Amino acid sequence: GKEASGNWANCTGYWRLGDIPQAALRARFAILKALNKLAASALPLVNLSLYRRKDTLAYLLARCKGRLFPSTKDALFVKSLDLTKDPGEIPEFTMNRGTSVAEQRKRDKTVFMQVLRLLNSDARKPTLRAVDKRGSGKQSWVTTFQGEGGSDLGGLFRDSLREICAELQAPG
């Protein structure tokens with residue numbers, strides 16, 4: 001195939017993927033599969049917070065993260081979420097979003113400020129870790145809007161997050 005400047009041994013310097021010999025691609029894929037198998041079994045044992053220290057396995061894993069398959073990283077991500085679950089009850093908030101759109105609400109009347117006040121006033125200081133609630137999947141609080149019907153099976157929580165995002169992005 002056409003070889004440009006570069007190092008053939010690490011398959012750089014080719015113009016197209018089709019120019020790389022199939023045997024070299026197969027060998028590289030086999031190495032990537034072996035790396036991912038090793039990484040998947042080692043990841044639960046590695047303190048990933050040390051990724052900046054060059055003498056750690058976390059640093060080496062961070063350097064090769066682009067070579068890890070999404071399935072390898074996804075499994076770690078799901079396990080991380082499971083480890084941060086709060087086994088207790090989640091807070092239940094009743095909020096008033098009023099009749100005005102998010103951009104027109106006064107700062108102290110926003111859903112964001114209401115959630116912030118409610119979180120700060122709760123005696124047990126909720127952790128806001130996701131928990132399973134009423135078959136809704138994961139949510140950090142149960143939402144009720146004053147003057148509006150509905151049970152929060154996940155939809156009202158998502159609606160409160162949409163309101164908060166719109167408020168935070170509103171000009172002024």
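Of the 172 residues in the chain, buried residues make up 30%. The model is a predicted one, and its secondary structure comprises 5 helices and 4 strands. Among contacts in the chain with a separation of 6 or more, 48% are accounted for by residues 24 or more positions apart.

Helix H1 covers residues 22-42. Within H1, the residues Ala-24, Asn-36 and Ala-39 are buried. These residues cover an arc of only 105° around the axis, and they therefore lie on the same side of H1. The other side of H1 carries exposed residues, namely Gln-22, Ala-23, Arg-26, Lys-37, Leu-38 and Ser-41. As a general point, an α-helix has 3.6 residues a turn, so residues three or four places apart point the same way.

The loop between H1 and helix H2 (57-63) contains Tyr-51. With a relative accessibility of 38%, Tyr-51 counts as partly exposed, a class that lies between the 20% limit for buried residues and the 50% limit for exposed ones. When neighbours within four places in sequence are left aside, Tyr-51 is in contact with Ala-58, Tyr-59 and Ala-62. For Tyr-51 and Ala-62, which are 11 residues apart in sequence, the C-alpha to C-alpha distance is 6.2 Å. The side chain of Tyr-51 is also joined to that of Arg-52 by a polar contact of 3.0 Å.

A further loop, between helix H3 (70-83) and strand S1, holds Ile-90. Ile-90 has a relative accessible area of 5% and is therefore buried. Although Ile-90 and Trp-141 are 51 residues apart along the chain, their C-alpha atoms are separated by 5.5 Å.

In helix H4, the buried residues are Val-111, Met-113, Gln-114, Val-115 and Leu-119. The packing partners of the buried residues of H4 are strand S1 (92-95), strand S4 (142-145) and H5. The axes of H4 (residues 111-121) and H5 come within 8 Å and cross at roughly 115°. The two helices are therefore roughly perpendicular. On the H4 side, the contact is made by Val-111, Phe-112 and Val-115, and on the H5 side by Ser-160, Glu-163, Ile-164, Glu-167 and Leu-168.

The length of H5 likewise fits its residue count: 15 residues at 1.5 Å each should span 21 Å, and the end C-alpha atoms are 21 Å apart. Buried positions in H5 are Leu-156, Phe-157, Asp-159, Ser-160, Glu-163, Ile-164 and Glu-167. Viewed down the axis of H5, the buried residues fall within an arc of 160°, so they line one face of the helix. Exposed residues Arg-162 and Gln-169 are carried on the face turned away from this buried side.

Glu-167 belongs to helix H5 (residues 155-169). Its relative accessible area of 10% places Glu-167 among the buried residues, since the cut-off for that class is under 20%. A polar atom of the Glu-167 side chain lies 2.8 Å from the backbone nitrogen of Val-111. Both Val-111 and Glu-167 are also among the residues that make the contact between H4 and H5, and Val-111 is itself buried.

Definitions and conventions:
Residues numbered from 1 in each chain as written. Predicted model: local features only at pLDDT ≥ 70, side-chain atom pairs only at ≥ 80, totals over all residues. Heavy atoms only, no water. Buried < 20%, exposed > 50% of the residue type's maximum accessible area, 1.4 Å probe, protein only. Polar contact = N/O pair within 3.5 Å; in protein donor to acceptor, adjacent residues only side chain to side chain. Expected span 1.5 Å × (residues − 1). Arc of directions from axis to C-beta. Axes fitted to C-alpha atoms, helices over the stretch in contact; angles between N-to-C directions. Parallel < 35°, antiparallel > 145°, perpendicular 65-115°, else oblique. Contact = heavy atoms within 4.5 Å.
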